[in-house]
Amino acid sequence: MPEPTPDAAQTTTVAVGAGGLATADMVLNIGPQHPATHGVLRLRLTLDGERIVRAEPIIGYMHRGAEKLFEVRDYRQIIVLANRHDWLSAFGNELGVVLAVEEMLGMEVPERAVWLRTMLAELNRVLSHLMFLGSYPLELGAITPVFYAFREREELQAVMEEASGGRMHYMFNRVGGLKEDVPAGWLGRVDDAVQAVRRRLPDLESMLVGNEILTARTRGVGVLDVATVQQYGVSGPIARASGLDVDLRRDAPYLAYAELFGEDGPGRVVTRTAGDCLARLEVLLEQVHVSLDLVEHCLSVLGSMASGPVNQRLPKVLKVPEGETYVATENPLGFNGYYLVSRGDKTPWRLKLRSASFNNVQVLTELLPGTLVSDMVAILGSTFFVVGDVDK
Amino acid sequence: MNDETKRNGPTNKGLLPGILKGLATTAKTATRTTHTHEYPDVAPDLPPRSRGVIALLEENCTSCMLCARECPDWCIYIDSHKETVPATTEGGRDRQRNVLDNFSIDFSLCMYCGICIEVCPFDALFWSPQFEYAETDIRDLLHDKERLGGWMETVPPPPALDERAAEPAEVAAANKPARMPRGRAT
C-alpha cells in the first residue's frame with residue numbers, strides 16, 4: 001500500500017477539523033418533467049446532504065402568452081382563453097373577465113344570472129378543492145383518497161356538464177350573464193348531487209382526518225408565517241391556513257356574496273393558525289363544507305325567485321368604453337385579478353392577469369430552505385398550485 | 001372538534017385508530033356496488049348539451065364565413081363559389097347564390113368553445129355529444145363537410161329550459177304585436 005501523499009493527509013485533517021466529512025453543496029433539479037411535481041414546475045434545489053439550503057422555483061415552461069393573446073381577441077373569445085390558465089377553476093376564471101367588462105360597460109346583470117353564477121362558482125370551488133384533497137395524499141403516498149375525491153367530483157361534474165356542456169372548460173359565462181338558461185329539472189339534480197357529496201364526504205374525510213401517517217408527514221412541516229404570506233402576496237387557502245383572515249367573497253363582495261357572507265348568511269371564512277401542511281389541507285377540507293352550504297343557499301334562493309332572463313342582449317360588436325379597471329375575485333386557489341385597459345376597441349388594449357398560483361409558488365423560496373428532501377414533496381403539494389396558472 | 005384538539009388529537013397509541021378508520025371505509029365501500037361504468041361496453045350517458053363534436057347541416061350553410069371569422073383559433077376552413085340561378089319568370093332577374101365547396105373543421109386545433117355554433121345565423125352548426133373520433137394520425141382530425149354532416153344524426157334535441165327561465169327570443173318575438181304602419185298609430 002503506497003504512502004498517502006502529504007496533500008491527501010492535509011485534506012483529511014482539514015475535514016476533521018471542520019467537524020465531520022467534507023461536503024459540497026449539490027444542485028438538484030426537480031422537474032420540469034418529474035413525477036413528484038404536477039405539471040412542469042422546475043425546482044432548483046441546493047442541497048447540503050439531505051437538507052435543502054436554497055430552493056428556486058423556475059417557471060415558464062408552460063407559458064402560452066395568454067395576456068398577449070387576449071389583446072387580439074374580442075371579449076367572447078377571451079373567455080375561451082381565460083378559463084384555461086387555471087384549468088381546475090375555469091368558471092372562476094371566466095367570471096373575472098366578464099365582471100371586469102360589465103363594470104366598464106356599467107352593465108346590470110339579471111338577478112337570476114347573478115345567483116346562478118354564484119352557485120356555479122361555488123360548485124367549481126368544490127371541484128377544485130376535491131382535486132387537491134385527492135391529489136395531495138397521492139403525493140404523500142396514499143393512493144386511496146383520490147378515488148373517493150374523484151367519485152364526488154364526478155357527481156358534480158355531471159351537473160356542470162349538463163348545464164354548460166363542458167366538464168372542465170365550461171364556457172358558460174357571457175358578458176351580461178350566462179350563455180343560456182339551465183335545463184328543466186337541473187336545480188333538483190344539483191340538490192341531489194350536493195346531498196350525495198355531503199353524504200359520502202365522510203368517506204374521504206375518514207382517510208384524511210386523524211390519519212396517523214398523513215399527520216406525521218404534514219404536522220409542523222413547511223410552516224408559513226403570516227409575515228411571509230403578506231410579503232409574497234400569498235392568498236387563498238394557503239394564506240388562511242397561516243392565519244391571514246382574508247377572503248374576497250366577504251371583504252370585497254361580488255355577485256351575491258354580500259348576502260351569503262352577510263349577517264345571517266351561511267358563508268364563513270375558514271382559517272387556521274398553524275400554517276403547516278396539515279393546516280392547509282384542513283382549510284381545504286372545511287372550505288368544501290362551506291361551499292356546499294353556499295350552494296344550498298343559492299338553490300333555495302333560485303327556487304323562490306321570479307322567472308326572468310339570464311343574460312342581456314348584446315350588440316353585434318361589443319366595444320368597451322375607454323378606461324381601465326381592476327377586478328379581483330376569490331378563486332379556489334386565491335386572488336384572481338384582471339386589470340383591463342380599454343381604448344374603446346372591441347379587443348382590450350391590455351388585460352393583465354394576476355393569478356393566484358403565481359404568487360403562491362414563489363413562497364417556496366422561503367418555505368423549502370431548512371427542510372429535508374423527503375418533506376419537499378409534502379410542502380410542494382400543500383402549496384396547491386396549477387402550473388398553467390403560474391405560467392399563464 | 002376545534003382546531004386545538006384536532007392538532008393534539010390522534011397520537012400513536014399502537015392501534016393507529018386513524019388508519020383503522022380509513023380501512024373501515026375501504027371495507028365498507030368494498031361491499032357496495034361499483035359506481036364506475038365499463039366504458040367501451042357501456043356507453044356513457046351524456047347530456048344533450050355535452051360538447052363532443054360539431055355537426056354541420058350543409059343545407060343551412062350560406063358560406064357567410066361568420067363562424068370562420070369568430071373562431072378564436074381559426075380552425076374552420078371554408079371555400080365557396082357563386083353560381084347564377086337563371087330567372088324563373090319571364091323578365092325576371094338572374095339570382096346569384098353561394099355554393100359551399102369545402103367546409104372543414106380541424107379538431108386538432110378546435111378548443112371546443114362553441115362560438116361558431118353560437119354565431120351561426122342560419123343554424124347550420126350543432127353540438128353533438130359524440131366523442132369517439134380519436135385518430136392515430138393527427139391529419140385525420142380535419143373533418144371535411146361530409147364527415148361533419150355525418151355527425152348530424154347524433155345531434156340530440158335541446159333540453160327544455162328551467163321553468164323560471166325567460167321565454168325564448170323566438171316566442172317573445174312571435175307574441176309581440178305587429179308594428180302598425182306609420183301614421184296609424186293608436
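**Exercise 1. How many salt bridges does a search of the whole structure find over all chains?**

Before we start, some ground rules: this is a predicted model, where local features need pLDDT of at least 70 and side-chain atom pairs count only at pLDDT 80 or more, while totals for chains, interfaces and linings use all residues. Residues are numbered from 1 along each chain as its sequence is written, chains are lettered from A and ligands numbered from 1 in the order in which they are written, and side-chain values use heavy atoms, with hydrogens and water left out.

*Solution.* Step 2: run it over all chains, and you get 38 salt bridges. Step 3: look between chain B and chain A, where the count is seven.

**Exercise 2. Describe the contact between chain A and chain B.**

*Solution.* Step 1: take contact as heavy atoms within 4.5 Å; chain A then puts in 53 residues and chain B 43 residues. Step 2: work out the buried area (the accessible area, 1.4 Å probe, that two parts lose on being put together, summed over both). That comes to about 3800 Å², with carbon and sulfur atoms giving 48%. Step 3: pick out a charged pair, such as Arg76(A) with Glu70(B), a salt bridge at 3.6 Å, N to O.

**Exercise 3. Follow Glu180(A) through its salt bridges.**

*Solution.* Step 1: within chain A, Glu180(A) meets Lys179(A) at 3.2 Å, N to O. Step 2: Glu180(A) also forms a salt bridge with Arg49(B), the closest N and O atoms being 3.5 Å apart. Glu180(A) is in the loop between strand E5 (177-178) and helix H7 (186-208) of chain A, and Arg49(B) is in the loop between helix H2 (17-30) and strand E1 (53-56) of chain B, so the pair joins two chains. (Helices, H or I with at least four residues, and strands, E with at least two, are DSSP runs numbered from the N terminus.) Step 4: check accessibility, with buried meaning under 20% relative accessible area, exposed over 50%, and partly exposed in between (1.4 Å probe, protein chains only). Glu180(A) is partly exposed at 26%, and Lys179(A) is partly exposed at 26% too. Arg49(B), at 9%, counts as buried.

**Exercise 4. Which parts of chain A does the pair Glu286(A) and Arg268(A) link?**

*Solution.* Step 1: confirm the salt bridge, 2.8 Å from N to O. Step 2: locate the partners, which sit 18 residues apart: Glu286(A) in helix H13 (residues 277-303), Arg268(A) in the loop between helix H12 (257-260) and H13. Glu286(A) is partly exposed at 21%, and Arg268(A) is partly exposed at 38%.

**Exercise 5. Find the annotated cysteines and describe two of them.**

*Solution.* Step 1: go to UniProt, whose unreviewed entry places a "binding site" at Cys71(B), Cys110(B), Cys113(B) and Cys116(B). They're spread over 46 residues of sequence yet cluster in space, with a largest C-alpha distance of 10.6 Å. A caveat: UniProt positions use the numbering here, feature names are shortened, and annotations may be inferred rather than shown by experiment. Step 2: take Cys113(B), in the loop between strand E3 (95-106) and helix H4 (115-119) of chain B. Cys113(B) is buried at 9%. Leaving out residues up to four places away in sequence, Cys113(B) touches Val80(A), Met171(A), Pro72(B) and Trp127(B). Step 3: move to Cys116(B), in helix H4 of chain B. Cys116(B) counts as buried at 8%, and its contacts, with that sequence cut-off again, are Ile54(B), Cys67(B), Ile76(B) and Leu125(B).

**Exercise 6. Sort out the aromatic rings.**

*Solution.* Step 1: pair up rings of Phe, Tyr and Trp (its six-membered ring) if their centres lie within 6.5 Å; planes under 30 degrees apart are stacked, over 60 edge-to-face, the rest tilted. Over all chains, that gives nine aromatic pairs. Tyr254(A) is buried at 11%, and Tyr257(A) is buried at 0%. Step 3: in chain B, ring pairs link Phe107(B), Tyr112(B), Trp127(B), Tyr133(B) and Trp151(B) into a cluster.

Definitions and conventions. A salt bridge is a side-chain nitrogen of Lys or Arg within 4 Å of a carboxyl oxygen of Asp or Glu.
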